[in-house]
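User: I'd like to learn how to read the surroundings of a ligand in a model. Could you walk me through it with an example?

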Amino acid sequence: MTEAPHTEAPRTHSAVLAIGGNLGDRLGNLQAAVDSLADTPSLTITWLSPVYETAPLLEPDAEPQEDYLNAVIGVVSALPPDMLLMRAHAIEEALGRVREVRWGARTIDIDIVQVDDLVSDDAELTLPHPRAAQRAFVLAPWHDVRPEDVLTGAGPIADLLAALGGAAAQGAARRDDLELVLS
Ligand SMILES: Nc1ncnc2c1ncn2[C@@H]1O[C@H](COP(=O)(O)OP(=O)(O)OP(=O)(O)O)[C@@H](O)[C@H]1O
Ligand SMILES: Nc1nc2c(c(=O)[nH]1)N=C(CO)CN2
C-alpha cells in the first residue's frame with residue numbers, strides 16, 4: 001500500500017508585541033509599524049491596544065528624552081519566533097531605527113513580549129521579554145484589551161500592573177484622542 005505523503009500544517013504561534021517610539025512622528029511611526037506587521041505574509045494582527053503616552057524609562061544619568069507613545073499588539077503567525085524577530089528588526093530598520101546607546105531615543109522599537117508559553121534565555125530572543133513584567137508601558141495597554149492574560153512565568157498581567165501601582169505610577173497615560181487602526 002502506498003502511504004499518503006506526510007504534510008504537516010505549519011504550527012501557528014500566538015504572540016504579544018510591544019511597540020514604542022519617541023522620535024519624529026510618534027503616532028505615524030506606530031501606525032507604520034502596525035501596517036508593516038499587517039502586510040507580513042503568514043501573520044495576522046488579532047488585536048490592537050489603545051495608545052499610551054509614557055514617561056521615558058532611562059538608563060541612570062542618561063540625557064532627558066521626549067515622552068514615548070506605546071501600544072501592544074496581538075498576532076497569530078506561522079512564522080517561528082526567530083523569523084518574527086527578524087521581521088520586527090527589518091521593520092524597525094525601514095522606519096529609521098538607529099541603535100546607538102542602550103535605551104536611546106528611537107523612531108520605533110518592536111519588542112516580542114511573549115510567544116505562546118515559550119520560555120527561552122537566548123540573548124538574541126529572550127522569552128518572555130525579560131523586562132515586560134516591570135513595564136507599565138507594556139502591561140497597561142495590554143491589560144486594556146486582554147485583562148485575563150498571563151505573562152508566562154510571571155503571572156496575571158492584572159496583578160503585575162497592580163504591583164507596579166498602576167499605569168500612572170510610572171507616568172503612563174492613555175491617549176484616547178490617538179488611535180491605531182487596522183487597514
Ligand atoms: N523578547 C525580545 N524582543 C526583542 N528583542 C529581543 C528580545 N530578547 C532579546 N532581544 C534582543 O535584544 C537586542 C536589543 O534589542 P533592542 O535594541 O530593541 O533593546 P531595547 O528595546 O533598547 O531594550 P529592551 O530590550 O530593554 O526593551 C536585540 O538585538 C534582540 O536580539
Ligand atoms: N516610556 C518608554 N520608555 C522606554 C521604552 C518604551 O517603549 N517606553 N523603551 C525602551 C527600550 O525598549 C526604553 N525606555
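User: By class, what does the shell around ligand 1 have?

Analyst: Start with the classes: Ala, Val, Leu, Ile, Met, Phe, Trp, Tyr, Cys and Pro count as nonpolar, Asp, Glu, Lys and Arg as charged, and the others, Gly among them, as polar. Here, the ligand 1 shell holds six charged, four nonpolar and two polar residues. Bear in mind that this is a predicted model, where local features need pLDDT of at least 70, side-chain atom pairs count only at pLDDT 80 or more, and totals for chains, interfaces and linings use all residues. Residues are numbered from 1 along each chain as its sequence is written, while chains are lettered from A and ligands numbered from 1 in the order in which they are written.

User: Which residues are around ligand 1?

Analyst: A residue is near a molecule if its C-beta atom, placed from the backbone, lies within 6 Å of it. For ligand 1 that includes Arg99, Arg102, Asp111, Glu124, His129 and Arg131.

User: Which element gives the most to that shell?

Analyst: Strands are DSSP runs (E, at least two residues), numbered from the N terminus. β5 gives the most, three residues; β5 (109–115) and β7 (126–127) are the elements giving two or more.

User: And what surrounds ligand 2?

Analyst: Among its neighbours are Gly20, Thr54, Tyr68, Asn70 and Phe137. By class, that shell has six nonpolar, three polar and one charged residues.

User: What is the mean pLDDT of the protein chain?

Analyst: pLDDT is the predictor's confidence in each residue, from 0 to 100. The chain's mean is 94, with 95% of its residues at 70 or more.

Conventions:
Helices (H or I, at least four residues) and strands (E, at least two) are DSSP runs, numbered from the N terminus.
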